[in-house]
Amino acid sequence: MTQAKQMTEAEQQQWTREQYQVATKYLATKGLITQSVIIEESRYLVPILAVWKLSLNDGSKVWVLCGDLPTDHSSVDVASSAREALRHFALKWQMQAENLFRAEDKSQTDFANLLVSRSEGLYQLYEDDALWQ
């Protein structure tokens, strides 16, 4: 594994802006239009992942996960915090992977393996108390 170079504060801010754009564009493809971001409840682990709590035009709120992993979203009802949202996505992806493995389709199996790998990483981050101080 190569050593990641330290990012400057400007590079970190740029990465965060780009992830916000990824999140809002992803939601738009699902027919969901972002109204605002709830900054104080969103979390970023640059350059690995961003967990956004977003308000939508219809008045609902969602968690959106993006970064060096598949982009996904869920209603805020599934988690009370960004940390709990990570746990939710980890478990959700484990279940999705299980269903994909059952399909016995090579392309689906590759994606299922990616989901398993990323869900295990998410769960490790969820369990790391030092990250959530």
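Let's start with Ser74, which sits in strand E5, residues 72–75. Strands here are DSSP runs of at least two residues (E), helices are runs of at least four (H or I), and both are numbered from the N terminus. Keep in mind that this is a predicted model, where local features need pLDDT of at least 70, side-chain atom pairs count only at pLDDT 80 or more, and totals for chains, interfaces and linings use all residues. Residues are numbered from 1 along each chain as its sequence is written, and side-chain values use heavy atoms, with hydrogens and water left out.

**Two buried polar residues**

Ser74 counts as buried because its relative accessibility is 8%. The cut-offs are under 20% relative accessible area for buried, over 50% for exposed, and partly exposed in between, using a 1.4 Å probe and protein chains only. Its side chain makes a polar contact of 2.8 Å with the side chain of His88. A polar contact is a pair of N or O atoms within 3.5 Å; within protein, one must be able to donate a hydrogen and the other to accept it, and residues adjacent in sequence count only if both atoms are side-chain atoms. Setting aside neighbours within four places in sequence, Ser74 touches Val62, Trp63, His88, Phe89 and Lys92, where contact means heavy atoms within 4.5 Å.

Lys53 belongs to strand E3, residues 49–56. Is Lys53 buried or exposed? Lys53 counts as buried, because its relative accessibility is 12%. If you skip residues up to four places away in sequence, Lys53 is in contact with Val37, Ile38, Glu41, Ser42, Lys61, Val62, Trp63 and Val76.

Side chains of opposite charge can pair when their charged atoms come close. Lys53 and Glu41 do this through a side-chain salt bridge, 2.7 Å from N to O. That pair links distant parts of the chain, 12 residues apart: Lys53 is in strand E3, while Glu41 is in the loop between strand E1 (34–37) and strand E2 (43–45). Glu41 is partly exposed, at 29% relative accessibility.

The whole structure has six salt bridges, counted when a side-chain nitrogen of Lys or Arg is within 4 Å of a carboxyl oxygen of Asp or Glu. Here are some of them.

| Pair | N to O distance |
|---|---|
| Lys53 and Glu41 | 2.7 Å |
| Asp68 and Arg118 | 3.7 Å |
| Arg102 and Glu98 | 3.9 Å |

What does the bridge between Asp68 and Arg118 tie together? Asp68 is in the loop between E4 and E5 and Arg118 is in helix H3, so the bridge joins parts 50 residues apart in sequence. Asp68 is partly exposed at 47% relative accessible area, and Arg118 is partly exposed at 27%.

Arg102 and Glu98 are four residues apart in helix H2, so about one helical turn separates them. Arg102 is exposed, with a relative accessible area of 57%, whereas Glu98 is partly exposed at 40%.

**The nonpolar cores**

Now for the greasy side of things. A nonpolar core is a set of buried Ala, Val, Leu, Ile, Met, Phe, Trp, Tyr and Cys residues joined through side-chain atoms within 4.5 Å. The largest one has 21 residues, and those with the most contacts inside it are Leu49, Val51, Trp63, Leu65, Leu86 and Leu122. At least two residues of this core come from each of E3, strand E4 (61–67), helix H2 (82–103) and helix H3 (106–127). H2 supplies the largest share, eight residues. Apart from this core lies another, of 11 residues, including Trp15, Tyr26, Trp52 and Val64.

**Aromatic rings**

There are four aromatic pairs. Rings of Phe, Tyr and Trp (its six-membered ring) pair if their centres lie within 6.5 Å; planes under 30 degrees apart are stacked, over 60 edge-to-face, and the rest tilted. Tyr44 and Trp52 are a tilted pair, because their centres are 4.9 Å apart and their planes are at 55 degrees. Tyr44 is partly exposed at 31% relative accessibility, while Trp52 is buried at 2%. Together with Tyr20, Tyr44 and Trp52 form one aromatic cluster.
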